[in-house]
Amino acid sequence: MRKGLIFGLWLLLLGCTFPQDPRLTTERVQNHIMHVGVSENEPWVIHQDDGTPTGVEVDLVKTFADQMNADIEWHWGGMSEHLEALNQFELDLAIGGLTTSAPGTSAVGITQPYFETAVVIGVPAGIPSPQSLSDASIGVIRGTAVADYVRRQDAEPLFLSEEESIDMPVAVPHWRLDDLNLDRTEHSLHTLKHVMAVPPGENRWLTELEKFLFEQPPIEP
Amino acid sequence: MNVMKERQHYELPKEQQEQLAKAKKLAWASIFFLGTITVVMYLTMGSSQAMKTAWVEDIWSMIPPIVFLVATRISDREPNERFPYGFRRAPSIAFLTAATAVFLLGIYMLYESSRSLWLMEHPTIGMRTIFGYQLWSGWLMIAALVYSAIPPVILGRMKIKMANKLHAKTLYADAAMNKADWSTALAAIFGILGVGLGFWWADAVAAGLIALDITRDGVTNVRQAVTDLLNERPTQVDSEDADDITQELQKALSQNDWIEQLKVRLRDEGMLVTGEIFVQPAPNTVNLVEKIEALRQQAKTFHWRVYDVVVTAVSNMAEGST
């Protein structure tokens, strides 16, 4: 009796796609429309003058939509709004430089990290790399959310504004080094893991997205 | 002058000592395997409520063997002036505390899974990268659950044999819970497969069932520990039925000619049986003290479990005062 049950289950699993979506998101999106929430965050999502998005994550989502043979409807807004919308099954996907350390990600579905940002210390030409970080003064561009990583190394964050010219060691994501003309030092403060958000429990949808992201070539923001 | 007459120290006979040594080894093995199971489950459980509940149950399962190891050491300590009765009650106290904790834990996990259902929380189970390959996390969870069922079931079977030989009730309770672990794993597996098939509620329902099981374990063990501390008459290892030892001891001791009537008042103390024996000697019995001491010795050698029975003589068994 027990063997029969197990065999039956195995047949059932073989026959169906596994896992499935409780709310059939994949079926609804495939060959139709994908509703994507976008939140401005360079270089992941950039709001262009004509209102359309571009950026690293936008490109990825466009390719994914092609694979799904679906048109995209972009919905601009703040990330917490998008996460709430995902929870209420109003959107299929939300992007905007979301990382695993962002708040509000526990209630929705999150992909495996598809990219990692190393928060590093960069120095402009001519400035030496700090020997020890203890009690050192490290520049932090206000609003980039790296101050805590500086503090954890016993260093003191010194807040700079975006426009200032840099003449001291600064804590930045590794892909901004070239942009800001900085040389990378050996100090790495933290690793940020980039993810995309989907509605909770839509496991087939999530695994399709994750498989897609896994197959993509390495990203260079 | 030392006015307290402390109980005599107790030595298990050889055969029981060997069994006990084996039981201790099994307890260590249990702790080790449950430790590995706890780690494996923690690494794979993700957002599955059922796995989380099963994980909690596995952590709790480490407590009875730990209690067993610590308690056998404490209960063996020699009685002293401060504790003239010795420490044979220590295991029951520890077990009562642990059982109460697990009961409350079960109630809490039941609340958690009901809340999940009520709030219609859809568990998200995506992919996981293992050694460069992508795999659905659900398969990893199921593998962990299968592993979690195997050592406890095997160890449980072995421990039950030991428990019967040693008449160790707490060991028996622990072993019975281990043996039933396969049903917890199965429930959680069905929960995850259910989610995979699109039934979001399967996980919460499985979690609820496991929580009920935990609660029931708590209740059973609390009852066991309480009846024990209430000095219940000696019972079988696996049930609340009376143990034969009470009747058998009374019968064996009553055989002596000089005894008109004999009654016993016994209780379990861990693996041992102790208590009082009331003797109504025949009229004009001589050398009563020697006869009483001989009776005490007879009781001691009747069964290895009998420990420190006190014999007292009464003039009339029917009298209410004794």
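Which residue of E10(A) does A:Val120 stand opposite? The answer is A:Val172. Notes follow.

1. Basis. This is a predicted model, in which local features need pLDDT of at least 70, side-chain atom pairs count only at pLDDT 80 or more, and totals for chains, interfaces and linings use all residues. Residues are numbered from 1 along each chain as its sequence is written, chains are lettered from A and ligands numbered from 1 in the order in which they are written, and side-chain values use heavy atoms, leaving out hydrogens and water.

2. Strand E10 of chain A. Strand E10 covers residues 170-173. Helices (H or I, at least four residues) and strands (E, at least two) are DSSP runs, numbered from the N terminus. A:Val170 and A:Val172 point one way, A:Ala171 and A:Pro173 the other. All are buried, meaning under 20% relative accessible area (1.4 Å probe, protein chains only).

3. Partners of E10(A). Two strands pair if DSSP finds at least two bridges between them. Strand E7 (residues 115-124) of chain A runs antiparallel to E10(A), joined by 4 bridges. Strand E8 (residues 137-141) of chain A pairs with E10(A) in the parallel sense, over 2 bridges. There, A:Val140 stands opposite A:Ala171.

4. Sheet in chain B. Three strands form an open sheet in the order E3-E4-E5, with mixed pairing. Strand E3 (259-269) and strand E5 (310-313) are the edges, each pairing on one side only. The twist averages 15° from one strand to the next. Angles run from 0 to 180 degrees between N-to-C directions, with axes as lines fitted to C-alpha atoms, for helices over the stretch in contact. Strand E4 (residues 272-281) pairs with E5(B) in the parallel sense over 4 bridges. B:Glu276 has B:Val310 as its bridge partner in E5(B).

5. Helix on that sheet. Helix H10 (residues 288-302) of chain B lies across E3, E4 and E5 of chain B. Its run is at about 145° to E5(B).

6. Interface size. The contact (heavy atoms within 4.5 Å) takes 19 residues from chain B and 21 residues from chain A. About 1,700 Å² is buried between the chains, with carbon and sulfur atoms giving 68%. Buried area is the accessible area (1.4 Å probe) that two parts lose on being put together, summed over both. In chain B, B:His122, B:Met127 and B:Leu197 lose the most area to chain A, together 33% of what that side buries.

Technical notes: Buried means under 20% relative accessible area, exposed over 50%, partly exposed in between (1.4 Å probe, protein chains only).
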